[in-house]
Amino acid sequence: MLGFFFHPLYRGKGLKIGIFRQICHWAIELLINKVNGGRNSANQLVAQMSDYKDYKKPYEFGYIDTYSVDSWWKMVEQKDNWIKEIALLINSITPHNVGCERVFSVLGWMCEKRRSRLSIDRMHAMASLHAYYVTNASSEMKYAFSGLSDQQFFAELNKSFNNLSFSEEEIEEEKEELFQLGVKDNEDDDLAQDQEELSKADDKIIMDKYLDINDELQRALGVEVSVIIEQEPVTITPYDHGDKNFDIDALIVANLGE
């Protein structure tokens, strides 16, 4: 219903009496939950929705099929345009049946030829548990190194990898498998390439050590110099959304009447 109302070609045409109030109620709930809105922004939203429904400025221009709904709403310029925020949010929702297909896939994995006598209640419970643990894996499951920072976590990983050891038999078996697959051992080539890259890095270190890379030398070498100009931060006064705990129905009645 919100998608029908916020489509500029329809604007809720043919709605029964009282449905516009319900649409305003839903829109205010989205404003509170998704845009961090409050009483002040909700009052503005209801006024904007009324103007939009009645083709008042800045919503007076029509809709052409060659443009998308997003492009139409992005053309609307208005201060504190909460209706555009809600309209773009609604239009960003893509209808699909991926959720249902995912559930069918899980049920097909649970119920197979060897497990074809599961009752409906048991399958429902198993699917509910699967969906719950997949959704809440980060909070329900205990992971190793959960209390470490990123740097400490990678240090522990490196320590674990360094502790790995392989016997001579395992190494020979690995080489034999590579030989049978026709994979060439490029260890010598890789070592030569590493030494070449290391020598290039050493050359760069030596250059920085003995040469003063100033503007004149950079121009002589044809090195492009980029200058970064830091701009003063722009101070933006945050919008006062007002109290978030208020009676939505009472606010709609105060704006639209009984």
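Helices here are DSSP runs of H or I with at least four residues, numbered from the N terminus. The model is a predicted one, and in it Leu-251 lies in helix H13, which covers residues 248-256. Leu-251 counts as buried because its relative accessibility is 4%, below the 20% under which a residue is called buried. Leaving aside residues up to four places away in sequence, Leu-251 touches Ile-28, Arg-39, Ala-42, Asn-43, Val-46 and Phe-246.

Two packed helices are described by the angle between their axes and the distance between the axes. The axes of H2 (residues 19-34) and H3 come within 10 Å and cross at roughly 135°, which makes H2 oblique to H3, and the crossing is right-handed. On the H2 side of the contact are Phe-20, Ile-23, Cys-24, Ala-27, Ile-28 and Leu-31, and these meet Ser-41, Ala-42, Leu-45, Val-46, Met-49, Ser-50 and Lys-53 of H3.

The aromatic rings deserve a separate look. A search of the whole structure finds 13 aromatic pairs. One of them joins Tyr-52 and Trp-72 edge-to-face, at 6.2 Å centre to centre and with 65° between the planes. This pair links distant parts of the chain, since Tyr-52 belongs to helix H3 (residues 39-53) and Trp-72 to helix H4 (residues 69-75), 20 residues apart. Tyr-52 is buried, as is Trp-72, the latter counting as buried because its relative accessibility is 1%.

Trp-72 also pairs with Phe-61, here in a tilted arrangement with 4.9 Å between the centres and 45° between the planes. Phe-61 is in the loop between H3 and H4, 11 residues from Trp-72, and it counts as partly exposed because its relative accessibility is 25%. Ring pairs link Phe-5, Phe-6, Phe-20, Tyr-52, Tyr-59, Phe-61, Trp-72 and Trp-73 into a cluster. Another charged side chain, that of Arg-11, lies over the face of Tyr-55, at 3.9 Å from the ring centre.

Definitions and conventions: Residues numbered from 1 in each chain as written. Predicted model: local features only at pLDDT ≥ 70, side-chain atom pairs only at ≥ 80, totals over all residues. Heavy atoms only, no water. Phe/Tyr/Trp six-rings, centres within 6.5 Å; stacked < 30°, edge-to-face > 60°. Helix = DSSP H or I, 4+ residues; strand = E, 2+ residues; numbered from the N terminus. Buried < 20%, exposed > 50% of the residue type's maximum accessible area, 1.4 Å probe, protein only. Lys NZ or Arg CZ within 6 Å of the ring centre and 35° of its normal. Axes fitted to C-alpha atoms, helices over the stretch in contact; angles between N-to-C directions. Parallel < 35°, antiparallel > 145°, perpendicular 65-115°, else oblique. Left-handed = near helix turned anticlockwise from the far one by under 90°. Contact = heavy atoms within 4.5 Å.
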